[in-house]
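Here's a quick tour of a protein model, one topic at a time. Keep the structure open while you read and find each spot as it comes up.

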Amino acid sequence: MTAPARAGLEEAQRVELTVDAVAPGGHCVARVEGQVVFVRHALPGERVVAEVTELHRGFARADAVEILTASADRVEPPCPYAKPGRCGGCDLQHVTPAAQLDWKATVVREQLTRLGGLTDDQIDALGVRVEPLPGGPLGWRSRVRYAVDAAGRAGLLKHRSHEVVPIDRCLIAHPAIQDLPVLTPSGARWPDADAVETVASTGGDVSVVAFAEGAPTPVSGPAEVREVAAGRDWTLPASGFWQVHPAAADTLVGAVLDLLDPRPGETAWDLYGGAGLFAAALAGRVGDARVTLVESSQDGVDAARANLADLPRVEVVAARVETALARRRVTGPVDLVVLDPPRSGAGAPVVRDILAAGPRAVAYVACDPAAFARDVRTFTGAGWQLAALRGFDLFPMTQHVELVGLFLPPATTPARRV
């Protein structure tokens, strides 16, 4: 039975709500007599029946379990597991592809305003939008890590839960991954594993790796896979980091080079450089000038040194970025910086150390709009400007979005649309 909307919600209670704006995290905002409710599986403007899933001080979380008045942007999720109480991997399967792009652009704008301190006029000047990648919203994910439940069945996790949902197919997975005999909801195939990682590389390799207590064990396919990006072949462990969308690496390299416009003779830093994707691209533009890559993961360092061995002007520094900058393992002056930090962002100390080195431009590759916006505030607080911003839908059907921003020092080119 649906209760009338009221304050003082209880877990598992169902209430009728009118859904308001989108919010970070794949939710929309609603209110029950002033209490904020973050609702999944909903769209702005809809009237829904929502079931409360979590209660917190000052807000609640809920799932839309019945749609009373549907948005024109609503579609039936193609995956039967993309529903309340089931797989939490896809946040936006109920949203048309075009509206997903608008959803993500709205979140970026909100974070730049609330956390980045930018004005509406400044954001308008950037022309914030999110661009789709080729290939469509399904069958794109080239790396899928499945959790394993106590019965040894592989599946995906519920939203905000460690509970494994056994599934028979993941529709956003690359077709070669969907064809692997990994998912068996009716039987226990992985009694000794905690997780199973599947890979379908852009070089045509398909591998399966099982994990027990964090240690990888190759199951099938090559232990090292080949990726193709930025005009080069890359070899890295099947369990190593690489972008999960087949078009992502080339898309990001293209955006970074377009925004930075590297010139012969310019020195460059590739911070949080991984296997060296951006370092290689920069090296191809700056000629004999030095490119310094900083990476803390030993797997990333090993991959960079192996894959960039033909580029003698690229130096690979094995260190945490903040340590390398603070202890002067890398020193300025430098002309160009590519900053590709983890989801938590670079942080104010790293940003300040970069600015102290005096680059003419910084390209910031971000996978979290909130962390990016916090770092925007540090840049602008030092007089720098966010001169251009591009958004890319590297993760269709999910709430995630990738950003590439161009920061310029004071008294340089004003913000421009790209």
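## The open sheet

Val-29 stands opposite Phe-38 in S4. You're looking at a predicted model, in which local features need pLDDT of at least 70 and side-chain atom pairs count only at pLDDT 80 or more, while totals for chains, interfaces and linings use all residues. Residues are numbered from 1 along each chain as its sequence is written, and side-chain values use heavy atoms, with hydrogens and water left out.

**How the strands line up**

- That pair belongs to strand S3 (residues 27-32) and S4, which run antiparallel and are joined by 5 bridges.
- Helices (H or I, at least four residues) and strands (E, at least two) are DSSP runs, numbered from the N terminus, and two strands pair if DSSP finds at least two bridges between them.
- Altogether 6 strands form an open sheet with mixed pairing, in the order S1-S5-S6-S4-S3-S2.
- At the edges sit strand S1 (14-18) and strand S2 (22-23), each of which pairs on one side only.
- S1 and S5 are antiparallel, with 5 bridges, and Glu-16 is opposite Val-49 in S5.
- S5 and S6 are also antiparallel, joined by 9 bridges, with His-56 opposite Phe-59 in S6.
- The hairpin of S5 and S6 has 2 residues between the strands, and Gly-58 takes a positive phi near 90 degrees there.
- Here's a handy rule: in a regular strand the side chains alternate between the two faces of the sheet.

**The second largest pocket**

- This pocket has a volume of about 330 Å³.
- On a 1 Å grid over the protein atoms alone, a pocket is an open set of points where a 1.4 Å probe fits, with protein on both sides within 12 Å along at least five of seven lines; lining residues have an atom within 4 Å of a point.
- Grid points are joined across faces, edges and corners, and the volume is the space filled by probe spheres set on the points.
- Of the 21 residues lining the second largest pocket, Thr-53, Asp-63, Gly-85, Lys-158 and His-159 are the closest to its centre.
- Strands S4 (35-40), S5 (47-56) and S6 (59-69) each supply at least two lining residues, and S6 gives the most, with 4 residues.
- What kinds of residues make up the lining? They divide into 5 nonpolar, 7 polar and 9 charged.

**A parallel pair**

- Strand S17 (residues 291-295) and strand S18 (residues 314-318) run parallel, joined by 5 bridges.
- Glu-295 has Ala-318 as its bridge partner in S18.

**Loops worth a look**

- Asp-368 is in the loop between strand S20 (361-366) and helix H9 (369-381), and its side chain reaches the backbone nitrogen of Ala-371 at 2.8 Å.
- Beyond its neighbours within four places in sequence, Asp-368 is in contact (heavy atoms within 4.5 Å) with Arg-343 and Val-401.
- Pro-333 lies in the loop between helix H7 (321-326) and strand S19 (336-339), and the peptide bond from Gly-332 to Pro-333 is cis, with omega near 0 degrees.
- Ala-230 is in the loop between strand S14 (224-229) and strand S15 (232-237); Ala-230 has a positive phi of about 55 degrees although it is not a glycine.

Key: Nonpolar A, V, L, I, M, F, W, Y, C, P; charged D, E, K, R; others polar. Polar contact = N/O pair within 3.5 Å; in protein donor to acceptor, adjacent residues only side chain to side chain.
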